[in-house]
Amino acid sequence: MSSSLHVFLLDPTATRGLVGSGDEQLLQLVHDRYGDELAADDDYFSFEIENGAPSSAEALRAVVNGGPYSGDREHAFQYVCAYQRLCWTTGRFLDNSSFSPFRGAWLDAVDEGLRALRITEVSVAEFGYDRGLPAGLPRSLEYPACGEWTHERCLAALEQFEQTKRDDHAPPLEPDVAKAVFDVIAWLRQVEGRPGFGIIGFVG
């Protein structure tokens, strides 16, 4: 079974602030822009919805209003999907061609490539650890999971890369790992010159 990593450039603090904001204009924007996709998701998850999970629209409204949420952890995936939809709406989607789809321990392999270049401030595997969701948002039992790189961590990782170049440290990497690593560096470059901006990623 394959997975995908979706990453977004945005201000993580502002994005977390959308949860519980009660922003009706944001809700309307999401419905206007992604109405067909919301309907398609409801079709895909029809079995779960028939068994009590919220629809995509219901989950989205709950997230923007800060609840109420279902007490069934089996339904939590819909709220994480709704938060990801907010990231799609308000952030910039970054190239994930090296990460969609992926199998097995691919994220760990890319992290090994980052560490080989002495980049330790960020980890793509942590996007699958479910540590990036706003407080109060139900955690999914499995996927999707969410992680977050702050502005400061992104800049620190870039400085580690620049130091690697200054040291002329160029370890051999497998071609696919090298491409993925430099895709990550390209994400980090997007943060430069954007105070407060970072990266939020979802594994699903």
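D168 is exposed, with a relative accessible area of 69%; buried means under 20% relative accessible area, exposed over 50%, and partly exposed in between, with a 1.4 Å probe and protein chains only. The model is predicted: local features need pLDDT of at least 70, side-chain atom pairs count only at pLDDT 80 or more, and totals for chains, interfaces and linings use all residues. Residues are numbered from 1 along each chain as its sequence is written, and side-chain values use heavy atoms, with hydrogens and water left out.

D168 sits in the loop between α7 and α8 (175-191). Helices (H or I, at least four residues) and strands (E, at least two) are DSSP runs, numbered from the N terminus. Although D168 is not a glycine, its phi is positive, about 55 degrees. R118, also not a glycine, has a positive phi of about 65 degrees. R118 belongs to the loop between α6 and β3 and is partly exposed, with a relative accessible area of 42%.

Most residues other than glycine have a negative phi, and most peptide bonds are trans. A cis peptide bond joins G67 and P68, with omega about 0 degrees, and P68 lies in the loop between α4 (56-65) and α5 (76-90). Another cis bond joins S100 and P101, where omega is about -5 degrees. P101 is found in the loop between β2 and α6 (106-116).

The chain as a whole has eight helices and four strands. Its radius of gyration is 18 Å, close to the 17 Å that the globule rule gives for 204 residues, so the chain is as compact as a globular protein of that length. That radius is taken over C-alpha atoms, and the globule rule is 2.2 Å times the number of residues to the power 0.38. Along its principal axes the C-alpha trace spans about 55 × 35 × 25 Å. Of the 204 residues, 46% count as buried.

The strands form an open sheet of four, in the order β2-β1-β4-β3, with antiparallel pairing. Two strands pair if DSSP finds at least two bridges between them. Strand β1 (residues 5-10) pairs with β2 in the antiparallel sense over two bridges, and F8 has F93 of β2 as its bridge partner. Helix α7 (residues 151-166) packs on the sheet, touching β3 and β4 (198-203), and its direction makes about 65 degrees with that of β3. Contact means heavy atoms within 4.5 Å. Axes are lines fitted to C-alpha atoms, for helices over the stretch in contact, and angles run from 0 to 180 degrees between N-to-C directions.

Y34 lies in helix α2 (residues 24-44) and counts as buried, at 10% relative accessibility. Leaving aside neighbours within four places in sequence, Y34 is in contact with R85, W88 and T89. Y34 and W88 are 54 residues apart along the chain, and their C-alpha atoms are separated by 9.6 Å.

The cysteines C87 and C146 are each buried, C87 at 0% relative accessibility and C146 at 0% as well. A disulfide is a pair of cysteine sulfur atoms within 2.5 Å. The closest cysteine sulfur to that of C87 is in C146, 6.4 Å away, which is too far for a bond. By this rule the count comes to zero disulfides.
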